[in-house]
Amino acid sequence: QLSSSFTLFDLEKHSDYISSLGVGSIYASPVFAAVKGSNHGYDVTNPCTVNPETGSAEKLRQIARILNEKNIGWLQDIVPNHMAFHHENLWLWDLLEKGVASEFITFFDLEPGVLTGAGKLMLPLLGNDTDKAVYNREIQISWKSGGIVFAYFDNVFPANFESFRDFFRPHIDESPECFRMIWKRYELDKREADNQFLNGDWQVVKREFDSFCSTDPAMQSFT
């Protein structure tokens, strides 16, 4: 099992020993990006890149060459049927934020109603009644990467564009100049939350908000 405590570099160091044992093939846990600190790699967050905690794509290719020279095969477990339900999973984050407008919606096994927008995705994570969770401040609203998020202990979820707009609309006049400038430039008060906007300008808007937030003291105080 590959992890930060046994990386591709460690595997390379042990390759001669593995070969001396007469091993014909290595069965490897997933090599994809996983939740930070994962000790097994099965909680995948990005199946398109190698886990930086274990190495890199180039290091994986190098290991393949080394093992091939030693006549050792490589059997890769890719767990195609699941990923981590975690905020580091950008495909899931995109789905939760954009709903049916998400470019990744067909990647997930969802009820037909959710796929058409007629139903909602239920996340049974609360350990308390909703009213009690809100009253006890177990659910927190905060700012992350140019948007609003809801945090429930270690769980973080994005608010959709409509919620973002409803949250800030009453406070536009008291918002920092840079916030008002972006709001007016992209006419956020009028925009339809359609596929084109959510997968286009909305991504640009969030990057601009995030950039200003990291450099403007007034923006930092506002958010």
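To what extent is helix H4 enclosed by the rest of the structure? In this predicted model, 7 of the 9 residues of H4 are buried, so the helix is largely enclosed by the rest of the structure. The analysis rests on a predicted model, in which local features require a pLDDT of at least 70 and side-chain atom pairs count only at pLDDT 80 or more, whereas totals for chains, interfaces and linings use all residues. Residues are numbered from 1 along each chain as its sequence is written, and side-chain values use heavy atoms, with hydrogens and water left out.

Helices (H or I, at least four residues) and strands (E, at least two) are DSSP runs numbered from the N terminus. A residue is called buried under 20% relative accessible area, exposed over 50% and partly exposed in between, with a 1.4 Å probe and protein chains only. The buried residues of H4 are Trp-91, Leu-92, Trp-93, Asp-94, Leu-95, Glu-97 and Lys-98. These buried residues pack against strand E3 (44–50), E5, E6, E7, H9 and helix H10 (201–215), contact being defined as heavy atoms within 4.5 Å. Gly-99, which follows H4, has a positive phi near 60°.

Strands E5, E6 and E7 form an open sheet of 3 strands in the order E5-E6-E7, with antiparallel pairing; two strands pair if DSSP finds at least two bridges between them. Strand E5 (139–144) and strand E7 (155–158) stand at the edges with a single partner strand each, so one side of each has no neighbour in the sheet. On average, neighbouring strands of this sheet are turned by 30° against each other, direction ignored. Helix H4 (residues 90–98) packs on the sheet and touches E5, E6 and E7, its direction making about 55° with that of E7. Axes are lines fitted to C-alpha atoms, for helices over the stretch in contact, and angles run from 0 to 180 degrees between N-to-C directions.

The antiparallel pairing of E5 with strand E6 (residues 147–152) extends over 6 bridges. Lys-144 has Gly-147 in E6 as its bridge partner, and Ile-139 stands opposite Tyr-152 in E6. The two strands E5 and E6 form a hairpin with 2 residues between them, and Ser-145 in the turn has a positive phi of about 50°. In the loop between E6 and E7 lies Phe-153, a residue other than glycine with a positive phi near 55°. Phe-153 is exposed, at a relative accessible area of 58%. A further positive phi, of about 60°, belongs to Asn-71, which is not a glycine. Asn-71 is located in the loop between helix H3 (57–69) and strand E4 (73–76) and is exposed, with a relative accessible area of 68%.

The largest pocket has a volume of about 1000 Å³. Of the 31 residues lining this pocket, Leu-96, Leu-121, Leu-123, Pro-158 and Asn-160 are the closest to its centre. On a 1 Å grid over the protein atoms alone, a pocket is an open set of points with protein on both sides within 12 Å along at least five of seven lines, and lining residues have an atom within 4 Å of a point. Grid points are joined across faces, edges and corners, and a volume is the space filled by probe spheres set on the points. At least two lining residues are supplied by each of H4, E6, E7, helix H7 (161–168) and helix H9 (195–198). H4 gives the most to the lining, with 4 residues.

Arg-191 lies in the loop between helix H8 (177–185) and H9 and is partly exposed, at 23% relative accessibility. Leaving aside neighbours within four places in sequence, Arg-191 is in contact with Phe-161, Arg-165, Tyr-186, Phe-197 and Asp-201. A polar contact (a pair of N or O atoms within 3.5 Å; within protein, one must be able to donate a hydrogen and the other to accept it, and residues adjacent in sequence count only if both atoms are side-chain atoms) is the criterion applied here. The side chains of Arg-191 and Asp-201 are joined by a polar contact of 3.3 Å, and a polar atom of the Arg-191 side chain lies 3.2 Å from the backbone oxygen of Tyr-186.

Conventions
On a 1 Å grid over the protein atoms alone, a cavity is a set of points where a 1.4 Å probe fits but cannot get out, and a pocket is an open set with protein on both sides within 12 Å along at least five of seven lines; lining residues have an atom within 4 Å of a point.
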